[in-house]
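Thanks for coming. I have one structure to go through this morning, so please look at the screen.

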Amino acid sequence: MGVIEKELLLGQVADQKMVGGLAFPEVLVPSDPSQDVDAKAVAASVKQNKDFIQQILHKNGGILFRGFGLRTAADFNDFVDAFGYEELPYVGGAAPRTNVVGRVFTSNESPPDQKIPFHHEMAQVPEHPAKIFFFCEVESIQGGETPIVLSHLVYDRMSKEWPEFVQELEEKGLLYNRVLGEGDDPSSPIGRGWQSTFLTKDREEAEKRAAKLGMNLEWLEDGVKTVSGPIPAVKLDEAHHRKVWFNSMVAAYTGWEDARNVAEKAVTFGDGSPLPKDAVMACLQILTDESVAIPWQKGDVLLLDNVQVQHARKPFVPPRRVLAALAK
């Protein structure tokens with residue numbers, strides 16, 4: 001370990017990866033772990049060291065904060081607020097979530113036996129968060145890790161191994177299709193109903209808000225079909241001068257399945273033609289190969305650059321409570 005800034009140390013955990021000489025994710029721990037630190041003191045430390053923390057996030061893509069004594073959703077809310085980032089409302093996302101306190105929400109509330117595939121948060125809508133925070137309030141008995149992967153590695157491998165597919169994807173983009181009920185369906189990983197998706201019960205207002213997200217709505221007898229796109233599947237990470245695999249293709253193709261939706265029809269090329277299954281499955285394997293999955297400990301905070309990094313969720317044995325906050 002080495003001291004990097006006042007009250008902070010670089011730490012290490014099992015399962016970290018070294019990518020281009022940089023730890024992924026980087027780990028920050030208290031400089032004096034024996035000292036009891038309350039949430040307000042931790043928030044003050046974040047404010048004091050914000051510039052340095054942001055430098056690490058820019059270089060490494062993700063930071064795991066461990067051992068800072070955060071215990072509650074309110075502690076986490078204070079921690080996130082200390083960064084001074086503007087909140088991004090969760091409008092247009094697919095996952096069922098509940099507001100807990102302030103800008104803190106539950107993470108995807110889908111059943112514990114279901115995995116959540118890799119994705120960039122809200123990649124299927126034009127305005128996505130720049131950063132996403134996760135907080136472990138209750139660690140699971142078994143499983144429940146949040147695997148993460150650097151998307152430029154995925155793009156690099158897909159370009160080398162599936163060049164024709166990637167070229168077509170870059171030319172056409174992606175269309176995302178999803179059927180929503182009126183209310184939330186907690187049994188589904190994409191069970192967010194249209195009223196909570198668009199934060200309104202009024203259909204006309206929902207259409208206006210959908211249009212701002214680049215979505216078309218087709219009203220059905222018991223819900224609505226949303227069509228998003230064509231949306232680029234590859235994004236230029238201008239801060240790092242490289243392309244990233246910025247999409248929810250694998251998540252939609254393998255995970256957008258419930259009573260209303262068929263996963264393989266949930267995402268297509270931008271012209272509506274089907275995606276080749278072998279290429280999508282190859283991408284899933286690359287995501288898995290390049291990923292890091294660090295078991296949660298109570299009080300952990302994981303901060304991700306949502307342009308550089310995709311995340312997922314492994315199935316778990318309850319109880320488990322991981323909260324989230326989105327930032328512009």
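The centres of domain 1 and domain 2, taken over C-alpha atoms, are 23 Å apart. The assignment puts residues 8-147 + 292-327 in domain 1 and residues 151-288 in domain 2; such bounds come from an automatic or database domain assignment. Across the contact, domain 1 supplies 27 residues and domain 2 supplies 36 residues, where contact means heavy atoms within 4.5 Å.

Before going further, the ground rules. This is a predicted model, in which local features need pLDDT of at least 70 and side-chain atom pairs count only at pLDDT 80 or more, while totals for chains, interfaces and linings use all residues. Residues are numbered from 1 along each chain as its sequence is written, and side-chain values use heavy atoms, with hydrogens and water left out.

Back to the interface. The two domains bury about 2,700 Å² between them, and 60% of that is on carbon and sulfur atoms. Buried area is the accessible area, with a 1.4 Å probe, that two parts lose on being put together, summed over both.

How many salt bridges run between domain 1 and domain 2? The count is zero, taking a salt bridge as a side-chain nitrogen of Lys or Arg within 4 Å of a carboxyl oxygen of Asp or Glu. On the side of domain 1 that touches domain 2, strand β9 (residues 116-119) gives the most, with three residues. Helices (H or I, at least four residues) and strands (E, at least two) are DSSP runs, numbered from the N terminus.

The structure as a whole holds 13 salt bridges. One of them pairs Asp81 with Arg103, with the closest N and O atoms 3.4 Å apart. Asp81 sits in helix α2 (residues 73-81) and Arg103 in the loop between β7 (99-101) and β8 (104-106), 22 residues apart, so to speak linking distant parts of the chain.

Next, a helix pair. Helix α3 (residues 151-161) packs on helix α4 (residues 163-172) at an angle of about 115°, the axes being 5 Å apart. Axes are lines fitted to C-alpha atoms, for helices over the stretch in contact, and angles run from 0 to 180 degrees between N-to-C directions. Among the α3 residues that meet α4 are Tyr155 and Met158; the α4 side includes Phe165 and Val166.

Last, the backbone. Gly229 and Pro230 are joined by a cis peptide bond with omega about 5°, and Pro230 is found in strand β15 (residues 223-231). Pro318 to Pro319 is also cis, with omega near 5°.
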